[in-house]
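Me: I have a model open here and I'd like to go through it slowly. Could you help me read it?

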Amino acid sequence: MTSIALVSRMLGPMLAALLLLTAASHAWAEAEAATPAPEGAMPAESMPETTTDFPAVEPDPVPPPEPQESVVAAEFDELPAAAEGNAAGDGSETLDETLADDAEPAAPNVETLIRQLPEGSFNDRRAVATQLAASGDPRVPDILSALAEGRLLATADAPPRILIRAATGTGGSDAISGENVPASVISGGTRIPVHNPLRNALRSLVAVATISAPDPEQRASALLRLMRGSIDSDLLAYLDTRVEREADPRVMDLLLTVRALARLNADTPEERLAAVAVLRGSLLNDVRVGLEATVARDADPDVREAAAEALDSIQSRIELYRFTENLFFGLSAGSVLLLAAIGLAITFGVMGVINMAHGELIMIGAYTTWFIQTLIPGALSSSILLAIPAAFVVAGLVGIAMERGVIQFLYGRPLETLLATFGISLILQQAVRSLFSPLNRPVASPDWLSGSLEVNPVLALTWSRIYILVFAILVFVALLLVMKKTSLGLKVRAVAQNRPMARALGVRTGWVDALTFGLGAGIAGIAGVALSQLTNVGPNMGQAYIIDSFMVVVFGGVGNLWGTFVGAMGLGMMTKFLEPHSGAVLAKILVLIFIILFIQRRPRGLFPKKGRAAEA
Amino acid sequence: MLTRRLFLSDWGGITVLVLLLAMTVAVPYANLALPPESPWHLSTYWVALIGKFLTFALLALAIDLIWGYAGILSLGHGAFFGLGGYAMGMYLTRQIGDRGVYGNPELPDFMVFLSYDSLPWFWWGFDMFWFAMAMVVLVPGLLALVFGWLAFRSRVGGVYFAIITQALVFALMLAFFRNEMGFGGNNGLTDFKDILGFSVQARETRVGLFVASAVVLILAYVASRYIVTSRYGRVLIALRDAESRTRFAGYRVEHYKLWLFVFSAMLAGIAGALYVPQVGIINPGEFAPLRSIEAVLWVAVGGRGSLFGAIIGAFTVNGAKTWFTTAYPEAWLFALGALFVLVTLFLPRGLVGIFRRKRKGEGA
Amino acid sequence: MSMVRNTREAMRRDRVFRFLEPSPDFARPVDTSHGPILYVEDVSVRFDGFLALNQLTLSVDEGELRCIIGPNGAGKTTMMDVITGKTQPDEGKVFFGQNVDLLRLDEYEIARGGIGRKFQKPTVFEALTVFENLELSMASDKRVWSTLFFRLRPEQRDRIDEVLDLIGLLEHHEHVAGSLSHGQKQWLEIGMLLMQNPRVLLVDEPVAGMTGEETERTAELLVSLAGSHTVIVVEHDMAFVRSIARRVTVLHQGSVLAEGSMSQIQNDPRVIEVYLGDEA
């Protein structure tokens, strides 16, 4: 740790000094006179103090090569990675400043600098690299990392051509133009030599160069890396200058956090209190680590107390977000259950048919998605959207075939139906295995379905799960409308309530049964499309859902669709809230036990069918 | 009088019993007494295979008793079978002693591997044969008692019962897959050496286990036959066909179902206990829902509602499975699936139904 | 909205699991010293918003033969369900005599306690023989162990033969009940009811599907039972009701519309409007 600090102490001043020389007229210097406010949350106030310290401590603008090198070398053995990241952070800031301030005219041309790389000693090379890193040129990170890895070559021409050998293969490219270069030219180049200390410094400089990138994402990630190291006063001063200029609110936020984190070690208690006040708002793990250290070690009791209080407030917010996260996971698991169970609820609720092949209908939907993706490989988004109706039709047709071929002969014999449909499920599984393969099929997700929505550092919601939640609710509402508003729905409900009477009134019950079963099966197919985005698509995938789906139906009751909705969401929540405490398997077992106990209380589920018909 | 009641007009049952008795004598003779060159010699592989079928037949009998007579379809009888099997497996594991890979006299290999320092409490007593045998019936019986009590008193029946029994066996499977359960996790219990001091690999032991399975099956058949021909059995048929009416006749239906369920679970437990030493392993795969449903199919194929039909069904389906999985492994699941569909569609009374003249009005 | 109500009901805290409550039994004899043997007070049953019984109040004296009539959906069957423990009412009281709260008893306890019921649709054990049907219904120890080791005693056999004779199924006693005609099944079920030796018989549509002669005999039988038993008959067949009725209760929309002798009922304008009016 100390050596890390040392490195930053060495690199930081050097860069900061450079910066001072070239940026004398800059705005932050104007604030120099202002004294730091105790609540120094505002960047403009706290900045100048440290900056004025700067030249006093380290007035020499020229980097002192000797001590730095030795330190870097010494530390390379100890903690290379940490040192690297840290040093990189330090350096980057200052260099970035150099560039961003009116320093550009003074800076040598980037291409000239690149051509200078093969010349001189290791130290010269380091100096050039440092300048390059400060240039902010997008070519620089690649060049510097190639140099560090020994892939940067120079030809014997004058001026030399600088080439980058590709990390793999024999090809490469020109460092300046970026053009591809044939292998023959590459093999003619000479490796630009580096040694360990330089290599180490280079890695840092690569990071620095990345931080200078115009992309705020890259700046943010550099800052996050910076947070993990220790920050000395020089760097701190530099951070102040960054605060001045940062436009991106998120990066700004990070900047302030990083700065405050560093100030936790400031000399005056006022400053430290101010830092704690800033950090209260952050949820980052490093902030908690820093505050914990303050609570444990700070000399001033007020600061300790403030830090402890800040920690508490952070903790309670984290807990709130964890709860939100669990809630989301629960809803998400519930939406999956809802999709899987809703088709079952229709066939079971309306027709009293236990369809053990329901899981296999889900599988068919998932395979339809895969098949369509293989048909039109280029268009992921449209293939997913196309898969929804396709899966509905395919699974629906399989369902209708099942109903006409087998189930219609077994009405009124639910246990026989259960066994027969189980047989069908075995046949469908084996058919898929024989037709395609027993292995899982890869189903890709379009961009908008991958990644996650990061609300804050402790709460990230996966897009795929958000979409599936929305999708499940859409399917549910659509089904509700079909049942309530269409003539098919009316007939289905009529048959469910009184089959002989419906038949007497001219409803073709056989036809309604087939369509109802097809509808339930089709929805299973749609569920398969959604599940293909979450889990593996394979011949056995249906089995994973069948028991869960039945649990939902048993829990919710077969009386109405709302029962399925509440049942699915309830079980999803229950599982996800149990999981952190008990582990996934035990949570599943506990939920099963809960259901067994639950039906003691309500044998027909949450929303039972009532009336004389239900008693029969 | 009693024999008359038990066997009167049960010609199928008598035939099956005679066949079983003949098997009990002939199979050991063909294996032990006849020289290997003899065309009538039966290899030990076959003895173990038929012995396994006998335990399956016992499981089928247990299922038929509740499904065929009380109309309770359990899709989770594998749970009781497996628990009985685990109880026996624990006894056999304890008999390994210090002959395991790690040579620990107290702890089975997997516990040494998972760095247990002492035997968990629920393993206590399983080094004693009588204790293990008591657990073979008590553990499944107790589970059935608790589960059945909860289910029947809240009048969970029909498909709901079928589903929650399936959930039960599924939950057990998940639980036993966990290493923390202390039952060997994924691998289960295996590498058995001795049973009652006899090597489980020895030919004589195999034949002994075969005879034990056959005798237990015969006894279980007679006991089940006693139950179904008693007034208890008539109450069962009554509640199967008209549960409400039975209740209004003053019978506490839940109790009738419950005790039958417990008895059936115990039979299944015994079947599991006889199965394990003959196949040499017990693992959580026995709790797979598919296994339990398959066992229901044996009963359906043989003919539910006739006890000997269950035995015939178990032999038929498992015989077919053995042949299929060696001859056409790909096609077995197709065949099994088709069997489910065809039997329910065309043979609601199973194979027995083909031969039996249908008595008019006799309920299915 | 039913969902809200259901949820609320599931979460109710004042009702514990039923099996935790102590269940009263028939240790004490049924007290009918004040006349009524069956007393239904302010009973309401709701099915999904539909009021099957609406504040129904009814009392039946010991030994009475009571006919209950009413149009479809009047709540006749639901009333029987409540009395026999099949349906729990949402509110109200049901007493057997003065001291036995029927709402706290299970069906089998009510049946053992002396209330027998014949279903609207004849329900017999179709897979068993006529003899076995009667044997199963016979009043005897109906606990699990005793049925497992049960042996029929000669006097019990005599009693069964007696009832077989009474219901005219003596020569059919070896037949499977499922093979009987509709009318024979009705009779068998009445016979099963008699084997239970109940104090109260609830008879739901006993003569549906019977020939004229059978109907006549049924009427005779029920009339002869009254006095020693309390008989409550629900029937649609007005001729039949007229032939046996002493006292008639008319149910309409879940509550009592009128009560009295047959002639009083027939002249009641409200009854004529809702019920007899339909028939005329």
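Me: How many helices and strands are there in chain A?

Reply: Chain A has 27 helices and 7 strands, where helices (H or I, at least four residues) and strands (E, at least two) are DSSP runs numbered from the N terminus. Please keep in mind that this is a predicted model, in which local features need pLDDT of at least 70, side-chain atom pairs count only at pLDDT 80 or more, and totals for chains, interfaces and linings use all residues. Residues are numbered from 1 along each chain as its sequence is written, and chains are lettered from A and ligands numbered from 1 in the order in which they are written.

Me: What share of chain A counts as buried?

Reply: Of its 616 residues, 50% count as buried, a term for residues with 20 or more other C-beta atoms, placed from the backbone, within 10 Å of their own.

Me: And which domains is chain A divided into?

Reply: The division gives domain 1 (2-150 + 196-262), domain 2 (151-191) and domain 3 (335-542), with bounds that come from an automatic or database domain assignment.

Me: How many residues of domain 1 of chain A are in contact with domain 2 of chain A?

Reply: In chain A, 12 residues of domain 1 are in contact with 11 residues of domain 2, contact being counted if the C-beta atoms of two residues, placed from the backbone, lie within 7 Å. On the domain 1 side, helix 6 (110-116) and helix 8 (140-148) of chain A each supply at least two residues, and helix 8 of chain A gives the most, with 4 residues.

Me: Switching topic, where does the largest share of chain B's side facing chain A come from?

Reply: There, 33 residues of chain B are in contact with 30 residues of chain A, and the largest share of the chain B side, 12 residues, comes from helix 7 of chain B. By class, that side has 25 nonpolar, 5 polar and 3 charged residues, where Ala, Val, Leu, Ile, Met, Phe, Trp, Tyr, Cys and Pro count as nonpolar, Asp, Glu, Lys and Arg as charged, and the others, Gly among them, as polar.

Me: Now chain C, what is the strand order in its open sheet of 4 strands?

Reply: The order is 2-1-4-5, with antiparallel pairing, and two strands pair if DSSP finds at least two bridges between them. The edge strands are strand 2 (50-61) and strand 5 (100-101) of chain C.

Me: Which residue is the bridge partner of Phe96(C)?

Reply: Phe96(C) has Val100(C), in strand 5 of chain C, as its bridge partner.

How values were computed. Buried ≥ 20, exposed ≤ 12 C-beta atoms within 10 Å, placed from the backbone.
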